[in-house]
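Dear colleague,

I am handing over a structure that you have not worked with before, and you will find it just below. After it I have set out what was found, beginning with the whole chain and then turning to single places in it.

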Amino acid sequence: MDLSESLHDFILIFLGSGLILGSLGVVFFTNPIFSAFSLGLVLVCVSLFYILSNSHFVVASQLLIYVGAINVLTIFVVMFMNGSDYYQNFRVWTVGDGITLMVCTGIFLSQITTILETSWHKIIWTTRPNQILEQDLISTSQQIGIHLSRNFFLPFELISIILLVALIGAIFFGSPIIKFLN
């Protein structure tokens with residue numbers, strides 16, 4: 001998008017603050033409906049980041065798949081939860097929560113260590129004689145594939161982690177084990 005630098009910075013700050021506030025809402029709201037709507041805000045802000053880099057197809061696919069499908073599924077499962085049963089036997093901290101916290105913290109720290117220790121500037125995607133130029137590609141889907149494998153690889157992987165967390169949450173809240181534990 002051909003935006004002035006000040007407008008580009010304003011949109012970037014606006015989307016970043018929406019992303020941070022939405023993610024804090026997901027974590028700190030005690031009402032699961034509000035938390036699911038905050039997740040929708042996070043997914044919308046992440047998808048709108050791609051507008052700044054002229055990736056309109058990625059924006060449309062992110063909005064359709066993650067906001068349109070995953071968040072609706074999460075809200076659907078949360079609405080089928082019986083609120084009074086959910087909060088009656090609510091335990092603040094269990095042994096399983098501690099184990100999960102340690103495992104997730106270990107995975108997070110190992111990923112951060114790997115990211116920081118990788119020399120990213122030495123990675124070369126193509127060799128010079130076989131270099132793929134965007135003008136030589138025939139279709140737009142080939143151009144999208146090249147962009148996804150080069151420029152947008154890390155954001156797509158981060159979104160896939162969010163998708164995995166949303167699916168695990170939907171399965172967990174929709175399972176009969178919740179009713180059995182309560």
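**Overall fold**

Of the contacts in the protein with a separation of 6 or more, 66% are accounted for by residues 24 or more positions apart. Please keep in mind while reading that this is a predicted model. Its secondary structure comes to eight helices and zero strands, so that the order from the N terminus on reads α-α-α-α-α-α-α-α. The protein has 182 residues, of which 23% count as buried, and its accessible surface comes to about 13100 Å², with 72% of that surface belonging to carbon and sulfur atoms.

**Helices α2 and α3**

How do helix α2 and helix α3 pack, in terms of angle and distance? Helix α2 covers residues 32-49 and helix α3 covers residues 56-80, and the two pack at an angle of about 175 degrees with their axes 9 Å apart. Since angles over 145 degrees count as roughly antiparallel, α2 and α3 are therefore described as roughly antiparallel to each other. On the α2 side the contact is made by Pro 32, Ile 33, Ala 36, Phe 37, Leu 39, Gly 40, Leu 43, Val 44, Ser 47 and Leu 48. On the α3 side the residues that make the contact are Val 59, Gln 62, Leu 63, Tyr 66, Val 67, Asn 71, Thr 74, Ile 75, Val 78 and Met 79. Sorted by class, this contact of α2 with α3 has 15 nonpolar residues and five polar ones, and no charged residues.

One of the α2 residues named here, Ser 47, may be worth a look of its own. Ser 47 has 0% relative accessibility and counts as buried, and, if residues up to four places away in sequence are not counted, Ser 47 touches Val 59, Gln 62 and Leu 63.

**Two further buried residues**

Ser 38 also lies in helix α2, and with 9% relative accessibility Ser 38 counts as buried. Leaving aside residues up to four places away in sequence, Ser 38 touches Gly 22, Gly 25, Val 26 and Phe 29.

Val 77 has its place in helix α3 and, at 13% relative accessibility, counts as buried. Which residues does Val 77 touch, not counting residues up to four places away in sequence? They are Ala 170, Phe 173 and Gly 174. Val 77 and Gly 174 are 97 residues apart in sequence, whereas in space the separation is 5.9 Å, C-alpha to C-alpha.

**Aromatic pairs**

The count of aromatic pairs comes to two. One of them is formed by Phe 10 and Phe 14, whose rings are 6.3 Å apart centre to centre, with 20 degrees between the planes. This pair counts as stacked, because planes under 30 degrees apart are classed in that way.

With kind regards

Conventions: Residues are numbered from 1 along each chain as its sequence is written. This is a predicted model: local features need pLDDT of at least 70, side-chain atom pairs count only at pLDDT 80 or more; totals for chains, interfaces and linings use all residues. Side-chain values use heavy atoms; hydrogens and water are left out. Helices (H or I, at least four residues) and strands (E, at least two) are DSSP runs, numbered from the N terminus. Buried means under 20% relative accessible area, exposed over 50%, partly exposed in between (1.4 Å probe, protein chains only). Contact means heavy atoms within 4.5 Å. Accessible areas come from the Shrake-Rupley method with a 1.4 Å probe; for residues, only the protein chains shown count as cover. Rings of Phe, Tyr and Trp (its six-membered ring) pair if their centres lie within 6.5 Å; planes under 30 degrees apart count as stacked, over 60 as edge-to-face and the rest as tilted. Axes are lines fitted to C-alpha atoms, for helices over the stretch in contact, and angles run from 0 to 180 degrees between N-to-C directions. Angles under 35 degrees count as roughly parallel, over 145 as roughly antiparallel, 65 to 115 as roughly perpendicular and the rest as oblique. Ala, Val, Leu, Ile, Met, Phe, Trp, Tyr, Cys and Pro count as nonpolar, Asp, Glu, Lys and Arg as charged, and the others, Gly among them, as polar.
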